[in-house]
Amino acid sequence: MSTNAMIDLALDRVNWNDLAGNQEKLPRIFTPGEVLMPESGFMRGHGTFVEDENIVASVAGVIEKVNKLISVRPLKSRYVGEIGDVVVARVLDVGQKRWRVDTNSRLDSTLLLSSVNLPGGELRRRSAEDEQMMRRYLDEGDLISAEVQNIFEEGTLSLYTRSLKYGKLSQGILVKVFPALVKRRKMHFHKLACGASVILGNNGYIWIAPTKSEEQEGGEANVKSSPGCATAS
């Protein structure tokens, strides 16, 4: 048995009259090479360069002005980490006293052996035996939640998981979005009423998993309750 379904295109669902009325409120998108303003009295920031005494956009995006600093926030970009950011990352390689992980940034990030919790929560110096057992803690392909502890000069992020709310992730799904869609907030761990737990990584990686009971919670503990539940398609 077959049925006919009528589906409107997104183009047809747009109210162009309302859009025209709100045009002044819409952000202005600049293209590469477009002049933003004269250089006099202003400083150029990220996404800009100076040409013929004018500040010019080097990427496509929205202009941002902080006092006299002019920059362009690109519409699409890699994650640029800040200290204190919550991230969801994937282990790429196990090295000497460190793991190399993917955080959706320009360079691979680093998780030091001294920056993870030992089994049982032991507080002691890491030994040669701990280094030999690193693959038992985290292996290639494992997903983790972590916090950005430091940023090295070349831009590499140093991560930190020595907290009960961070650690290895399991039995869930990873959703990837543009990092610009995830705003920096005090709380990035949420429990939804439908029984799902969500970790909103500042790097655009979002982890969704069934909510664990208090007895089961380990790396995903101390999450904040949220009233609603989003439906994924």
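# Strands and contacts in a predicted chain

Colleague: How many bridges join strand 11 (residues 143–151) to strand 12?

Modeller: In this predicted model, strand 11 and strand 12 run antiparallel, a strand being a DSSP run of E with at least two residues and a helix a run of H or I with at least four, both numbered from the N terminus. Two strands pair if DSSP finds at least two bridges between them. The bridges that join strand 11 to strand 12 number four.

Colleague: Which pLDDT do local features need in this model?

Modeller: Residues are numbered from 1 along each chain as its sequence is written, and side-chain values use heavy atoms, with hydrogens and water left out. In this predicted model, side-chain atom pairs count only at pLDDT 80 or more, totals for chains, interfaces and linings use all residues, and local features need a pLDDT of at least 70.

Colleague: Which residue in the turn between strand 11 and strand 12 has a positive phi?

Modeller: Strand 11 and strand 12 form a hairpin, with five residues between them. The positive phi in the turn is about 105° and belongs to Gly155.

Colleague: In which sense do strand 10 and strand 12 pair?

Modeller: Strand 12 covers residues 157–160 and is joined to strand 10 over two bridges. The sense in which strand 10 and strand 12 pair is parallel.

Colleague: Which residue takes a positive phi in the hairpin of strand 15 and strand 16?

Modeller: Strand 15 (residues 189–192) pairs with strand 16 (residues 196–200) in the antiparallel sense, over three bridges. Phe189 stands opposite Ile199 in strand 16. Three residues lie between the strands of this hairpin, and the positive phi, near 95°, is taken by Gly195.

Colleague: Which are the edge strands of the open sheet of three strands?

Modeller: The order of this sheet is 2-5-4, with antiparallel pairing. Strand 2 is joined to strand 5 (residues 54–57) by three bridges, and Val35 stands opposite Val56 in strand 5. The edge strands, each of which pairs on one side only, are strand 2 (35–38) and strand 4 (48–51).

Colleague: Does Arg126 count as buried, exposed or partly exposed?

Modeller: Arg126 lies in the loop between strand 10 (109–112) and helix 3 (128–132). Beyond four places in sequence, Arg126 touches residues including Leu113, Asn117 and Arg162, a contact being heavy atoms within 4.5 Å. Buried means under 20% relative accessible area, exposed over 50%, and partly exposed in between, with a 1.4 Å probe and protein chains only. The relative accessibility of Arg126 is 21%, so Arg126 counts as partly exposed.

Colleague: What percentage of the residues in the chain is buried?

Modeller: The chain contains four helices and 18 strands. Of the contacts between residues at least 6 apart in sequence, 57% join residues at least 24 apart. Among the 233 residues of the chain, the buried share is 33%.
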